[in-house]
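I want to look up a few contacts and write down what I find.

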Amino acid sequence: MSSRLLILPALAAIAAAAACAPSDNVDSKSAVAPSGTGAIAACTAGQLRLKTPGKLTVGTDKPAYQPWFADDDPTNGRGFESAVVYALADALGFAARDVTWVTVGFNQSFAPGDKEFDFEVNQISITPERGKVVTFSDGYYAVAQGVVALDGGAYSNVTSVAGLRGARIAVQVGTTALRAVQEQIRPRDQPSVFNDQIDAIQALKNRQVDVIVLDLPTAFYATTAQIKGSKLVGQLPPVANADQFGLLLEKDNPLVTCLNKALGALKSSGQLQQIQDRWLAASAGAPVLQ
Amino acid sequence: MPLLRVESLWKTYRGRSVLRGIDLDVDPHEVVCLIGASGSGKSTLLRCIDLLDQIDDGAVFLDGVEITAVGVDEDEVRKKIGMVFQSYNLFPHMTVLENITLAPVKVHKTRKSEAIVQARELLDRFGLADKAGEYPDHLSGGQQQRAAIVRALACRPEVMLLDEVTSALDPELVAEVQEIVRELKQQGMTMILATHEMSFARDIADTVCFLHDGVLLERGSPEQIFTSPTEPRTREFLAGSVLR
Amino acid sequence: MAGRLGRGARPPVKNPAKSERQLAREAQRRRKTARSRAIAGISSIAALALVISGLIASPGWPRVRETFFSWSELTASLPQVLAGFWSNVSIFLIAEPIILVVGLAIAVTRSVETPAFFPLRALAVVYTDVFRGIPTILLVFLIGFGVPALDLQGAPRSPMILGVAALVLSYGAYVAEVFRAGIESIHPSQLAAARSLGLSRAQAMRHVILPQAVRRVIPPLLNDFASLQKDTALVSVLGVVEALRQAQIHSAGAFNYTPYLAAALLFVLLTVPMARFTDWVAAGAEGRRAARER
């Protein structure tokens with residue numbers, strides 16, 4: 001995964017965003033606007049319960065994949081989730097340098113006991129079951145599932161969901177892709193479930209599987225940067241209660257109220273959409289499989 | 001022509017010379033007894049003759065053919081030589097009958113049924129008929145040694161090498177093994193025995209050889225050796241050992 | 001029997017009636033044993049109660065109980081974890097005999113002394129050293145993803161086959177060493193006796209040495225197989241949805257670790273009978289050896 005390859009889609013995204021984004025431009029580490037203390041006035045000091053007072057400790061996985069982060073470095077503010085975090089921090093009144101990142105893998109994030117972070121951002125889908133064990137913020141991104149196949153393979157030109165039924169499918173464990181596969185595609189063969197995304201990708205390259213199903217932005221990034229000779233076949237049709245990514249907090253952490261307020265502010269001001277357009281626009285155009 | 005000839009045999013083991021230039025002729029039907037202290041080289045000599053150890057110099061001839069030459073098929077040679085060991089070395093995972101029929105079937109390519117018949121004959125002859133289906137650990141020491149002798153005989157060797165075959169036995173079991181050896185002599189088997197049993201050696205041997213420190217110091221008929229040994233070392237050795 | 005004994009004849013084989021002294025001794029011993037057992041039993045229960053109450057009293061206990069020992073999660077995940085478990089069992093049943101063959105072949109190769117065999121012997125040594133050195137999970141990765149990536153005509157692509165291949169290579173090395181130890185433990189006099197009968201080295205190995213060596217190493221072999229049963233879970237990294245992976249899927253879905261416990265229970269159910277069987281075999285072999293030494 002050469003970092004040079006990462007620049008291309010990033011540049012493309014920036015170009016696209018610059019072309020149609022409103023003039024209020026987003027830029028890396030600098031704050032969007034002066035601290036929006038007004039919007040968060042209702043967030044009391046007591047609710048702002050933090051691991052380290054004065055610092056916002058955020059957890060994510062390593063490696064931190066594109067397009068959610070850039071160059072495996074959450075601190076650079078580039079990438080969708082990184083940008084959202086810095087926007088939220090700013091809305092809560094933190095300077096960019098007050099945001100500290102820790103590496104917490106997916107499996108550790110929901111382990112019982114004290115957390116190392118104030119919240120974790122790691123493309124985690126909100127589900128009621130999971131919500132019994134941890135506290136989720138409101139959703140910050142509605143997940144669509146993308147289908148990736150190798151060029152010239154039997155499944156590279158499929159236009160319907162039913163057309164994937166005969167395929168050997170790979171997904172990553174812990175993602176809601178498996179459920180989407182089981183409920184929407186209902187394939188003949190049991191899907192292969194891998195620990196890491198990179199293993200699923202290797203299996204596709206090795207032609208051990210026919211397609212990979214994973215969230216759309218990651219799917220787009222995979223086809224453009226990670227797998228030569230692959231294409232984004234399409235996205236699965238949206239379902240009634242589409243999965244949302246949410247921030248994960250320790251159960252009953254009152255900080256969630258503040259985060260939700262900040263998130264609400266980002267949504268209503270259109271800033272969240274801007275961030276999404278900038279970093280995730282490229283994939284939004286993928287054809288929807290019928 | 002001697003059946004077995006040992007010529008200037010040398011064997012070194014870990015820097016120490018265990019056999020030094022041994023010369024020995026064994027005629028057909030002759031019984032040779034090797035006597036000497038532990039460590040004098042008796043066992044090593046027998047092992048070298050059976051090509052179980054590689055010699056360092058000299059040669060061994062069987063039927064006039066050098067068996068220690070390079071390129072000799074050792075397995076073929078060992079078919080003609082039977083050896084019985086002090087610790088019987090029966091195969092514990094096989095019955096007595098299986099122990100005896102293994103070599104005839106696998107090495108001499110005898111049919112299994114034939115081999116069994118011959119084995120039972122031998123066992124019968126040496127008083128072990130009822131032990132054919134037993135495993136070695138159910139036999140007494142004496143019975144095991146007798147079985148080991150039968151095992152070697154089943155291959156119809158030209159010469160038998162017996163390495164202190166009674167030394168590991170309780171006194172009351174020694175006699176039954178000596179009986180077999182006597183019988184073998186009566187049947188005309190050529191044998192070389194290494195033994196501590198002086199009276200037995202005197203009784204059975206045609207020739208007695210005294211080994212000391214790897215050297216064949218003295219050799220002669222039993223009368224000569226036991227009654228009037230010429231070498232002082234021989235006398236020392238005989239004086240020290242109780243003539244049982 | 002008692003009737004036929006005359007005066008001055010052999011004494012009775014069994015003690016006909018115990019003396020007062022012996023009876024008193026036995027009574028004392030019984031009391032002592034009962035006392036020790038009672039003390040041991042009570043103190044064990046007390047210690048256990050202490051540990052359990054400490055556990056339950058700890059502040060995080062309700063959370064831990066819900067996360068690791070949730071009955072509802074256990075019953076919800078067990079059917080699918082069990083379904084995945086059959087993959088583990090089939091991997092184990094296929095790999096085991098192949099490992100035995102490979103291990104035996106390597107061990108026998110190493111024991112051959114003819115100079116002509118030197119390259120094979122060297123290869124066997126290299127194989128054993130390398131594959132005992134590489135962690136099994138690394139091997140699963142390397143073979144499971146590396147072999148298909150080579151894109152060789154006719155090379156297997158199925159993760160099950162590649163997983164079994166990796167396990168065979170890894171465990172073959174360990175089992176080879178076990179067999180080699182067994183072969184070398186057979187007293188050289190057995191080989192001498194076999195060869196003195198005219199058996200070739202190969203025949204001696206096949207009929208005399210190996211049968212004894214294999215019997216001797218059954219306990220450590222069974223040990224290695226218990227280990228193999230657990231290592232079948234490593235094949236999950238290749239995408240195979242076996243028990244561990246199923247547990248992981250459920251666990252990630254509910255943010256609960258109890259499915260892992262379900263998988264662990266299944267593995268234990270498989271290995272415990274194996275362990276008792278090993279003990280039984282070892283005891284039998286020991287008994288025979290002791291009898292032989294008489």
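**Ground rules.** I'm working with a predicted model, where local features need pLDDT of at least 70, side-chain atom pairs count only at pLDDT 80 or more, and totals for chains, interfaces and linings use all residues. Residues are numbered from 1 along each chain as its sequence is written, while chains are lettered from A and ligands numbered from 1 in the order in which they are written.

**Entry 1: a helix pair in chain C.** I looked up helix α6 (residues 159-185) and helix α8 (residues 201-216) of chain C, which pack at an angle of about 120 degrees with axes 8 Å apart. Helices here are DSSP runs (H or I, at least four residues) and strands are too (E, at least two), numbered from the N terminus. Axes are lines fitted to C-alpha atoms, for helices over the stretch in contact, and angles run from 0 to 180 degrees between N-to-C directions. Why do I call α6(C) oblique to α8(C)? Because of that angle, α6(C) is oblique to α8(C): under 35 degrees counts as roughly parallel, over 145 as roughly antiparallel, 65 to 115 as roughly perpendicular and the rest as oblique.

Next, who touches whom? On α6(C) I found C:Phe179, C:Gly182, C:Ile183 and C:Ser185, and on α8(C) C:Ile209, C:Ala213, C:Val214 and C:Arg216. Contact means that C-beta atoms, placed from the backbone, lie within 7 Å. These residues divide into five nonpolar, two polar and one charged. For the classes, Ala, Val, Leu, Ile, Met, Phe, Trp, Tyr, Cys and Pro count as nonpolar, Asp, Glu, Lys and Arg as charged, and the others, Gly among them, as polar.

**Entry 2: chain C and its partners.** Chain A puts 23 residues into its contact with chain C, and chain C puts in 20. On the chain A side, α6(A) gives the most, with four residues. I noted ten nonpolar, eight polar and five charged residues on that side.

**Entry 3: A:Gln197.** I found A:Gln197 in helix α6 of chain A. Is A:Gln197 buried, exposed or partly exposed? A:Gln197 counts as partly exposed, because it has 19 C-beta neighbours inside 10 Å (20 or more is buried, 12 or fewer exposed, in between partly exposed). Leaving aside neighbours within four places in sequence, A:Gln197 is in contact with A:Tyr65, A:Gln172 and A:Leu214. A:Gln172 is 25 residues away in sequence, yet 5.6 Å away in space, C-alpha to C-alpha.

Note on methods: Contact = placed C-beta atoms within 7 Å.
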